[in-house]
Amino acid sequence: MFVHDTALIYGRYLRQSLRSRFALLFGLLMPLLYLLFFGPLLTGLPLGGRGSSWQLLVPGLLLQLGLFGAAFAGFTVIVEKGQGVVERMRVTPVSRLALLLGRVLRDATVLIVQAVLLVLAAVAMGLRAPLAGVLIGFAFVGLLTISLGSLSCALAMRVSTPQEFGPLVNAVTLPSMLLSGLMLPMTLAPGWLDLLSHVMPLRYLVDAVRDAYVGSYTSDHMLHGVLVAVAFATLTVTVGTRVFRTAGA
């Protein structure tokens with residue numbers, strides 16, 4: 001029943017996404033603009049990492065796509081709360097975990113499709129990376145989306161209006177982007193800033209995907225990235241499920 005419930009919720013929200021093609025395209029716009037206008041500036045610069053500038057930039061853009069795409073997923077929950085949709089779902093015998101997973105798996109599907117398009121554009125501009133590394137990058141985008149989507153939905157269940165939700169999300173996403181080395185590796189940062197960045201879970205995912213893009217699959221960065229991604233996803237899905245069960249009850 002849990003799998004059946006999750007599939008029902010996932011199908012409902014996926015159909016909504018497929019009917020909104022403009023939202024799919026505009027979600028890809030920001031990382032694509034970074035790729036087109038920021039990427040060429042890095043070509044040939046000593047960035048302190050292995051591989052080409054594209055092998056450093058594209059993994060960061062993939063995770064940036066997951067960061068911003070998933071962090072704002074809770075706006076849908078706020079709208080549905082106002083329309084009474086969430087309460088009608090919660091009075092059914094559907095698993096609370098299914099109510100959450102159906103949503104975030106839809107978000108993960110959409111963002112992975114966008115990530116594929118982003119990588120294809122990057123290949124056209126000069127990216128060269130092993131196929132296994134590219135697939136590992138997609139897996140990390142999926143895990144990040146599930147994690148942040150769960151937190152976003154949990155936060156949306158706790159706040160009342162989009163005016164409350166938006167500033168709270170921005171207060172988390174901007175420092176995460178700056179301190180995780182999405183655009184440039186943190187090895188270029190001063191020692192104190194590099195040390196501070198290690199409190200950001202996203203930092204470990206960025207380092208792992210960059211290693212994957214140069215074909216290093218057994219490095220410490222890869223191990224730490226996998227452990228952090230799985231642990232973070234487990235924690236956030238647990239928190240999100242609990243909030244869906246208790247918020248407003």
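Visitor: What do buried, exposed and partly exposed mean here?
Guide: A residue is buried under 20% relative accessible area and exposed over 50%, and the range in between is called partly exposed (1.4 Å probe, protein chains only). This is a predicted model in which local features need pLDDT of at least 70, side-chain atom pairs count only at pLDDT 80 or more, and totals for chains, interfaces and linings use all residues. Residues are numbered from 1 along each chain as its sequence is written, and side-chain values use heavy atoms, with hydrogens and water left out. With a relative accessibility of 25%, phenylalanine 72 therefore falls in the class partly exposed.

Visitor: How are the rings of phenylalanine 72 and phenylalanine 75 arranged?
Guide: Rings of Phe, Tyr and Trp (its six-membered ring) pair if their centres lie within 6.5 Å; planes under 30 degrees apart count as stacked, over 60 as edge-to-face and the rest as tilted. By this rule there are two aromatic pairs. In the pair of phenylalanine 72 and phenylalanine 75, the centres are 6.0 Å apart and the planes lie at 5 degrees, so the arrangement is stacked.

Visitor: Which residue forms an edge-to-face pair with phenylalanine 75?
Guide: The centres of this pair are 4.8 Å apart, with 75 degrees between the planes, and the partner of phenylalanine 75 is phenylalanine 165. Helices are DSSP runs (H or I, at least four residues), numbered from the N terminus. Because phenylalanine 75 belongs to helix α5 (residues 74–83) and phenylalanine 165 to helix α9 (residues 162–179), the pair ties together parts 90 residues apart in sequence. The residue asked for, buried at a relative accessible area of 0%, is phenylalanine 165.

Visitor: Is threonine 6 buried or exposed?
Guide: Threonine 6 is part of helix α1 (residues 2–18). Beyond its neighbours within four places in sequence, threonine 6 is in contact (heavy atoms within 4.5 Å) with Ala98, Leu101, Gly102 and Leu105. Its relative accessibility is 8%, so threonine 6 counts as buried.

Visitor: Which residues does leucine 151 touch, not counting residues up to four places away in sequence?
Guide: Leucine 151 lies in helix α8 (residues 131–158) and is partly exposed, at a relative accessible area of 34%. With residues up to four places away in sequence left out, leucine 151 touches Phe232 and Thr236.

Notes
Helices (H or I, at least four residues) and strands (E, at least two) are DSSP runs, numbered from the N terminus.
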